[in-house]
Amino acid sequence: MLDLQFISAIVLSRHIVMAASRTQLPAWRALEQHRTALADVRLRRLFEEDPRRFDRLSVADSGILLDYSKQAVTPDTMRLLLALARECDLENSIRRLFSGERVNTTENRAALHMALRAAKPMMLDGSDVTRDVAAVLSQMKRLVAAVRNGRARGATGRKFTDIVNIGIGGSDLGPRLVCDALARDARSPLRAHFVSNVDGSSITSVLQALSPATTLVIVASKTFTTAETLTNGLTARSWLERKLRGKAAIARHLCAVSSAPARAVEFGVPAERVFKMWDWVGGRYSLWSAVGLPIALALGMARFEELRAGARAIDEHFAGAPLARNLPVLLGLLEVWNVNFRGAATRAVLPYDERLRLLPSYLQQLEMESCGKSATLDGGMVDYATAPVTWGTPGTDGQHAYFQMLHQGTAPVPADFIACCRPHHPLRRHHDMLLANFLAQTEALARGMTPDEAAASMRGQGVSEAEIMRLLPHRVFPGNRPTTSILLDALNPRTLGALIALYEHKVFVQSVIWNINAFDQWGVELGKQLANRILPELEGAAPVAGHDASTLALIRHYRVRRQGRKA
């Protein structure tokens, strides 16, 4: 009977949400009709018909140029997308986000990551939360100064040379991205290392190359109960205890970032080395908080402040710019267009800068954990696609791997191409070549190559007519593959902060259009719960039972083989 009641409730909720679905909005229906009308429109022709297309379909702010003229859109498309944004009450949703309303409805929380980098008060339940942020930043500043100038030292009196950040998800990906992207210009006395995977080879490979006497360990866990982080943290703590002889000594080598300071102190971290987090900041939005401690230590507090300032510039732009000239709004609406009206199931992120090699990984969590939802805010079920799969690697490596599929594959993949105008190195020709490839790829994806052009090219190479006819199907490029070009003036803390905040707010825009909660992540919980149950079964401390036949067989196979015996 319970199952029937559950099924009836789901059917009823689906019926209710279908009646009020986004797909029933006038702008959504108009966009569907518009997509049909654009079916035969080619990007090549759009550029030929409108010499000012770039001027009409590009926006610059905060050191970022967003060129979406190579997207399969017209001014009418953008007008309809903006109408959809207004019908979904986007402007009011942005206001609610910044005013501290509880937009994270399933957890009854605000989402005030903007307060982590704000220059003016931001209120939550009548209190200015930026005062709490300022207090933690002051605490960070004191530790960073002491470690970097050598006043704070390890148990043996030696200066710290290495930082090991132990976290996972948002406590790892953001700081790791920033440290990797900016380390080459840091000239820092400290090297940052990151451990997230519970695979023992991860922490072993990091610790075996370090001296415990000169290593500072940061354990970053919002609740201080995350199994992977605590397991790695305990391993690091044991390593310090073995080498430095005693719990009192290792306290000088430990820091923690958590919203549960008592648990961190119980772990062995001195109270003055525990940095506070808040429940109004989601992990994937938290690098601007004390989660960014490895950034501040490795790069210096001044650079961390510049990073925050870049994000703040985008916050102010997002909150104040008109929708039609608003970078995150445009980027989010373009994704809605590609996913919901052009059928894109994936999106590539292609940074033409080796320093941004971790950006696709960072965006995978930010975008798919935020928008990979099928339940609407009111508890119904969506009847449209939400988050596409985000993936990518740096150019030009990708050109010699999967670009074949981008150009001639059966499923067009929208792509964000990201590059910097000014290099960070003196090899000017290298940078010019990099940007030549960046520009050539976006132009080739948009224009393609017609049969006549392919035939003419082969004739110019002296290929016979018979061979031309044989090769022609392989030499034609369909084109009309949508791309967005994002050019930074240069990659520095300020523009990197702006770039990351741009994508943060893009995700929020999409969540509003899709009527989903961008700030929870219930989908990660079930696997965690089952893992906690399976672990004692693998260790032999609990009977193996209650699983499907595959899981039962795999557990038994593992228990036999881990001892080196055959089944």
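In the largest pocket, α22 contributes the most to the lining, with seven residues; a pocket, on a 1 Å grid over the protein atoms alone, is an open set of points where a 1.4 Å probe fits, with protein on both sides within 12 Å along at least five of seven lines, and lining residues have an atom within 4 Å of a point. The model is predicted, so that local features need pLDDT of at least 70 and side-chain atom pairs count only at pLDDT 80 or more, while totals for chains, interfaces and linings use all residues. Residues are numbered from 1 along each chain as its sequence is written, and side-chain values use heavy atoms, with hydrogens and water left out.

**Largest pocket**
- Its volume, the space filled by probe spheres set on grid points joined across faces, edges and corners, is about 1,200 Å³.
- Among the 44 lining residues, T223, T226, V524, E525 and K528 are the closest to the centre of the largest pocket.
- At least two lining residues come from each of α10 (227–244), α16 (359–371) and α22 (525–539), the helices being DSSP runs (H or I, at least four residues) numbered from the N terminus.

**Second largest pocket**
- This pocket holds about 420 Å³ of space, and of its 16 lining residues the closest to its centre are E354, H425, H430, H431 and L434.

**Cysteines**
- There are zero disulfides, a disulfide being a pair of cysteine sulfur atoms within 2.5 Å.
- C179 is in no disulfide, and the nearest cysteine sulfur, that of C255, is 14 Å away.
- C255 counts as buried (under 20% relative accessible area, with a 1.4 Å probe and protein chains only), because its relative accessibility is 0%.

How values were computed: Buried < 20%, exposed > 50% of the residue type's maximum accessible area, 1.4 Å probe, protein only.
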